[in-house]
Structures are given as structure tokens and as C-alpha cells.
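Me: I would like to go through the pockets and the ligand site of this model. Could we take them one at a time?
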Amino acid sequence: MRLSRYFLPVLKEDPKEAQIVSHRLMLRAGMIKQQAAGIYSWLPLGLKLLRRIEQIVHEEQQRAGHIPMLMPTLQPADLWRESGRYDDYGEEMLRVQDRHKRDLLYGPTNEEMITDIFRAHVGSYKDLPLTLYHIQWKFRDEIRPRFGVMRGREFLMKDGYNFDLTKEAALHAYNRHLVSYLRSYERMGLQAIPMRADGGPIGGDYTHEFLVLAETGESEVFYDSQITDLTFGDREIDYDDVAQCQAVLEEFTSRYARTDETHDEAVYAEVPEDRRRTARGIEVGQIFYFGTKYSEPMGATVRDSSGAQVPVHMGSHGIGVSRLLGAIIEANHDDKGIIWPEGVTPFHVGIVNLKQGDASTDNACEAIYALLRTRGLDPLYDDRDERAGTKFASMDLIGLPWRITVGPRGLANNQVELTNRRSGESIAMTPEEAVVRLEQIYAPIRAQALPAA
Ligand code: ATP
Ligand code: MG
């Protein structure tokens with residue numbers, strides 16, 4: 001993309017309404033625009049990031065064997081009357097009527113609808129196990145929408161639902177989700193710690209929330225510091241292997257890590273004192289096993305091997321896709337702006353032309369731009385007629401992890417500079433070497449790609 005033709009409305013001043021750094025930087029970098037409290041337009045740069053995060057979520061869900069689909073945002077109220085949640089959900093649910101005075105609601109989640117789909121189409125235990133998921137907009141009429149996309153009213157969520165014949169099989173699905181979530185967050189450059197959570201209005205005995213530690217987090221958390229040493233890394237995992245998935249769950253959940261909702265001073269006191277930590281965290285996901293809570297009242301049953309009709313065991317598993325943008329920025333920024341991890345960056349590299357209008361500098365930039373694109377990389381070329389300082393400030397603000405700087409002085413020796421956004425280190429090299437270096441950097445990330453949903 002050429003910046004002169006892009007739509008990147010960066011702000012020079014700090015917007016007054018933003019209380020936390022991620023909200024401020026998303027507004028300043030021209031990623032989002034608020035349209036009403038907790039409701040945002042996603043401007044081109046914001047959309048590119050949202051799509052990138054969605055893609056990682058899709059890839060990791062499909063790697064785990066989960067099947068993508070799409071359910072609507074508007075749902076009939078009658079489905080929610082069957083489960084009893086139409087009245088229970090309260091004022092967070094946005095309720096509307098169509099022209100025939102039929103009650104609809106803008107979905108805050110989809111347990112009822114997925115259960116309805118299941119009971120219409122699945123009848124035998126032979127069709128199990130089954131895990132379906134979608135990435136769709138949700139609406140919750142939060143009392144205090146704030147912190148930009150972190151607590152929106154309209155927000156994008158991945159929600160997945162497993163259907164299994166037995167509790168044991170459903171707990172394997174739970175473990176599969178835990179593993180796939182660990183992988184997803186790590187690919188986004190985040191450490192998200194599974195913490196024992198409270199069932200809340202959805203209910204359930206087995207549930208973990210995934211928290212990113214950050215001062216601006218809304219949850220108070222208590223943990224054993226050893227848990228922050230754990231990483232999933234690039235180990236191979238067979239998602240059908242029950243023992244392997246269970247072992248990962250045990251590894252990542254055996255140390256003390258709880259939110260204030262489930263915190264237990266007596267258990268916490270057993271953690272050696274020098275390892276006890278309290279901090280704040282951002283909830284970026286949650287997994288639940290809730291048994292037959294929906295399948296029983298809604299009649300989602302299958303025939304088991306003896307021919308008896310039994311309600312299926314279910315769980316639901318959510319990732320806060322739009323909230324993740326805020327969480328990633330909270331964890332990756334400096335006083336100049338955002339620093340995107342390579343796994344999510346909206347463009348692989350920025351090209352800064354130090355002398356726009358100088359024929360040989362322009363030509364060199366065009367050649368690098370073209371070469372990067374033929375190698376399958378996605379560059380953002382700052383070809384505006386602006387001072388170098390302005391171009392550097394924009395690149396630093398929007399946070400691309402790499403920058404190629406091209407100017408007449410270096411070109412005299414066939415050199416450009418490749419600069420790392422996080423460390424600030426620059427290395428002089430030929431344009432071709434810079435492109436090869438970037439290919440190497442992004443090769444492991446690009447190797448993770450799976451077909452689109
Ligand atoms: P919270 O406790 O933050 O209100 P929740 O526990 O009600 O969230 P879940 O039902 O677990 O939310 O939804 C799954 C994920 O969706 C959450 O882990 C979170 O990352 C995201 N999410 C929930 N509410 C919002 C919101 N208002 N804005 C943005 N993301 C949200
Ligand atoms: Mg939750």
C-alpha cells in the first residue's frame with residue numbers, strides 16, 4: 001500500500017476521551033472512530049489488525065479440529081425463552097421488535113442458537129464429537145463501556161461450542177480449547193495466563209479465564225510467579241491425543257492463578273511467600289464446560305450405542321477478538337507509539353523515502369516496494385511529500401515492527417537501513433539483502449497459515 005493513497009487519519013494531539021494508552025494509540029493511529037458509546041467504526045488500519053487476529057484464531061481453531069460457520073447477529077427471543085435466559089439476562093441484552101411485533105435480540109452470545117442447530121441436524125452418537133465455532137459481532141449493553149474496544153457494547157468475539165456424548169469426551173474438548181488458546185495468544189505475542197474462574201450467568205463447574213497481565217486490566221488477579229515462566233512454544237501437539245491435551249492443562253493450571261472472584265486466601269497462603277503476586281489482568285478469553293445445561297431444556301439429545309436418547313454434554317469457549325487489539329497494545333508500546341508483534345502486524349514493513357521527488361531515491365523505493373510484493377510481503381510505502389521527521393513519527397506511531405529507510409546518501413553505496421521498531425537498532429545493507437532478511441523473519445509466521453474459513 002502507498003501511504004499517499006491510503007486512508008490513515010493519524011491524530012497529532014492526544015484525544016481527551018481516552019483514559020488508557022491502548023485507546024489513545026488506537027485513536028491516534030487512525031484505527032477506530034467512536035460512533036456511539038462503546039460502538040466503533042473500524043478504519044482501514046484497525047480493520048487490517050482485526051482481520052489478522054481473526055485469521056490467527058481461525059487457524060488455531062481449525063488446527064484443533066473445530067469447524068467454522070456463521071450465525072446471525074439477530075436472534076429470535078423464543079429460543080432464549082426455552083433456556084430461561086430471556087428473562088435472566090437483564091439489561092445487558094439489547095431487545096428489538098420487528099414490524100410484526102416479534103421479539104428479537106442482538107445476540108450477546110450463542111448457546112441457544114447453536115443448540116437449536118444441533119438438535120435440528122444431529123441425532124446419533126456416531127456424529128460426535130463435534131465442535132462448531134464462529135467469529136461474529138456481539139452486543140452487550142454494558143453499563144460502563146470504556147477503554148475503547150476493551151469494553152465495547154458492540155464487539156467481535158470468537159465463540160465455539162463442543163458437543164460430546166460423555167462428560168469425559170467434553171472435558172477433552174475443554175482441554176483442546178485450552179491448548180488452542182495458548183497457541184493463539186502466543187502467536188499474537190501475548191502471554192495469557194489461564195486462571196480459575198467463576199461460572200457467572202452461563203454457569204458451569206469447569207471454567208478458566210485467560211488473562212493478560214497489565215496495569216490497566218479490570219480484573220484483580222493472584223498468582224504463583226512460576227506460572228509466568230511457562231510458554232507453549234512450538235511444541236507439536238496431537239489434538240486427538242487425550243493424555244497429551246490433559247498434560248498441557250495440568251502443566252498450565254496446577255499453579256495458583258485466580259481472579260478475585262475465585263481467590264482463596266487459605267490456598268494462596270500455601271504458595272511460598274516470595275512467589276505470591278497480585279496484579280491486574282485483561283480477560284481475553286474464557287472456556288467453560290457446562291454439561292447438559294442447555295441440551296436438557298432444549299431437547300438436544302442423541303441416540304447412544306444402546307439406542308437410548310441422551311442429552312449431549314456441551315461447553316462454550318470465547319475469545320475477545322476486538323478486545324485483543326487493546327490488550328496487545330497495552331503489552332506492546334513505548335512513548336512513541338505502538339509496537340506490533342510480527343505475528344499480528346498490519347503491514348510487514350514500512351518504507352520511508354527520505355527525499356521524495358528525487359528520481360533515484362523514488363526509483364529505489366519503487367523497486368524495493370515491488371520486490372517485497374513479489375516475495376509475498378505486504379509493505380506500507382510512505383511516499384508522501386513530507387519531512388523525514390514526520391514520516392518517522394507516523395511509522396513509529398502505527399508500530400510496524402520493521403522499517404526500511406531509503407535516502408540518497410546510502411544509495412550512493414547501494415545501501416538502505418533496516419530498523420527494528422522495538423530495539424531501535426538499524427543495520428545498513430543492500431535493498432536485496434533487506435528483502436531477504438524480511439523474508440527470513442516472516443517465514444515461520446507465514447508457515448503457520450491454513451486455508452481461510
Ligand atoms: P467481562 O468479564 O470482561 O465482562 P465476560 O466474562 O462477560 O467478560 P465472556 O462471556 O466470557 O465475557 O466472553 C468471552 C470474551 O469476550 C471475554 O473473555 C472478553 O475477552 C470478550 N468480551 C466480553 N465482553 C466484552 C466487551 N464488552 N467488549 C469487548 N470484549 C468483550
Ligand atoms: Mg468471561
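Me: What volume does the second largest pocket have?
Reply: The second largest pocket has a volume of about 490 Å³. On a 1 Å grid over the protein atoms alone, a pocket is an open set of points with protein on both sides within 12 Å along at least five of seven lines, whereas a cavity is a set of points where a 1.4 Å probe fits but cannot get out. Grid points are joined across faces, edges and corners, and a volume is the space filled by probe spheres set on the points. This is a predicted model: local features need pLDDT of at least 70, side-chain atom pairs count only at pLDDT 80 or more, and totals for chains, interfaces and linings use all residues. Residues are numbered from 1 along each chain as its sequence is written, chains are lettered from A and ligands numbered from 1 in the order in which they are written, and side-chain values use heavy atoms, with hydrogens and water left out.

Me: Turning to the ligand, where does ligand 1 sit?
Reply: Ligand 1 sits in the largest pocket, meaning that more than half of its atoms lie within 2 Å of the pocket's grid points. About 1,000 Å³ of space lies in this pocket. Of its 42 lining residues, Arg 140, Glu 209, Glu 283, Gln 286 and Arg 323 are the closest to the centre.

Me: Which element has the largest share of the lining of the largest pocket?
Reply: β13 has the largest share, 7 residues. By class, this lining has 13 nonpolar, 16 polar and 13 charged residues. Ala, Val, Leu, Ile, Met, Phe, Trp, Tyr, Cys and Pro count as nonpolar, Asp, Glu, Lys and Arg as charged, and the others, Gly among them, as polar.

Me: And which residues come nearest to ligand 1?
Reply: Arg 140, Glu 142, Arg 151, Gly 152 and Glu 283 come nearest, of the 14 residues around ligand 1; a residue counts as near if one of its heavy atoms lies within 4 Å. β13 gives the most to this shell, with 4 residues.

Me: How far is the polar side-chain atom of Gln 286 from an oxygen atom of ligand 1?
Reply: The separation is 3.0 Å. An N or O atom in the side chain of Arg 323 is also 3.0 Å from an oxygen atom of ligand 1, and a polar backbone atom of Met 150 is 3.5 Å from a nitrogen atom of ligand 1. The protein covers 84% of the 580 Å² of accessible area that ligand 1 has on its own, by the Shrake-Rupley method with a 1.4 Å probe.

Me: One last topic: how many cavities of 30 Å³ or more are found?
Reply: The search of the whole structure finds 1, and the largest cavity has a volume of about 50 Å³. Residues that line the largest cavity include Tyr 40, Trp 42, Trp 137 and Gly 152.

Technical notes. Polar contact = N/O pair within 3.5 Å; in protein donor to acceptor, adjacent residues only side chain to side chain. 1 Å grid on protein atoms, 1.4 Å probe; cavity = no way out; pocket = protein on both sides within 12 Å on 5 of 7 lines; lining within 4 Å. Helix = DSSP H or I, 4+ residues; strand = E, 2+ residues; numbered from the N terminus.
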